[in-house]
Amino acid sequence: MRGAAPDMADPNQLFDDTSAHAGPPGLGYRGQETPGMGFPAQALLTEPMSNFAVAYGSSLASQGKEMVDRNLDRLITISKLKYYFAVDTVYVGKKLGLLVFPYMHKNWEVRYQQDTPVAPRFDINAPDLYIPAMAFITYILVAGLALGTQNRFSPEILGIQASSALVWLIIEVLVTLLSLYLVTVNTDLTTIDLIAFSGYKYVGMIVGVVSGLLFGRTGYYLVLLWCCIAIVVFMIRTLRLKILSEAAAQGVLVRGAKNQLRTYLTMAIAAAQPVFMYWLTYHLVR
């Protein structure tokens, strides 16, 4: 009876249980073996073709980096960019005073040392990027404050304000560069110089908007008018030496149509500053 028990089957079982006769686990048909199990994945990385591909890719990446660095250095060198930020507290204070009250300043020529302009902290007439950059950021903050006092502030509106100010600055610089090219002016003005000179107007814009917040629209118009006149005088006295540098270097006065075009160009660049100053600030004061 004990030996016959394993042969007895359940009457309700449809199929015979063959698990008891199965072989050891892990053994199966040869056709069911996983393909490639005998070839480890690390072997692919050690093949000569893979090593060549990795080395070639690294070489291309290094060459691309060198090309980008070389072209970027051709456009603007780091040392040249550092020159425009070589300022100190004394220079910033004097420069801000010159931008607001340029009428008493006599000598507008940039000083040179061995054919190289001295750093801005040693020469108040040298252009810099510190004041334009800080003035642009402060202008955006003051614009946000003005919009907040009028219950019109939102991140989208402030973003539009910043984007429009930046776009107008880029357009102004590009138009100036094109005008200098068309007039064929031989000048030592660089693109960074134009960005610096165009960015100085944000100082007057800040003063005008703050005056409008404190004293209303009357204070805004009076102070902005003063700052507009000041920036026009500053730009004319500064750029006339740059744009007319060829004649100034020779110590003669260039006459004729070419000199008139240069004079008109200088006046146009200076006259454009009040237009931008009013356009970018009038809606901030109510």
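In which helix is Thr238 found? This is a predicted model in which local features need pLDDT of at least 70 and side-chain atom pairs count only at pLDDT 80 or more, whereas totals for chains, interfaces and linings use all residues. Residues are numbered from 1 along each chain as its sequence is written, and side-chain values use heavy atoms, with hydrogens and water left out.

**View 1. Thr238 lies in helix 8, which spans residues 201–243.** Helices are DSSP runs of H or I with at least four residues, numbered from the N terminus. Thr238 counts as buried at 6% relative accessibility, where buried means under 20% relative accessible area with a 1.4 Å probe and protein chains only. A polar atom of the Thr238 side chain lies 2.8 Å from the backbone oxygen of Phe234. Leaving aside residues up to four places away in sequence, Thr238 touches Trp108 and Phe197, contact meaning heavy atoms within 4.5 Å.

**View 2. Cys227 and Cys228 are both without a disulfide partner.** The whole structure holds zero disulfides, a disulfide being a pair of cysteine sulfur atoms within 2.5 Å. The closest cysteine sulfur to that of Cys227 belongs to Cys228 and is 7.1 Å away, so the two are too far apart for a bond. Cys227 is buried at 5% relative accessibility, and Cys228 is buried with a relative accessible area of 11%.

**View 3. The lining of the second largest pocket includes Lys80, Tyr112, Asp188 and Lys242.** By class, this lining has six nonpolar, one polar and four charged residues, with Tyr and Pro counted among the nonpolar, and Asp, Glu, Lys and Arg as charged.

Key:
1 Å grid on protein atoms, 1.4 Å probe; cavity = no way out; pocket = protein on both sides within 12 Å on 5 of 7 lines; lining within 4 Å. Buried < 20%, exposed > 50% of the residue type's maximum accessible area, 1.4 Å probe, protein only. Helix = DSSP H or I, 4+ residues; strand = E, 2+ residues; numbered from the N terminus. Polar contact = N/O pair within 3.5 Å; in protein donor to acceptor, adjacent residues only side chain to side chain.
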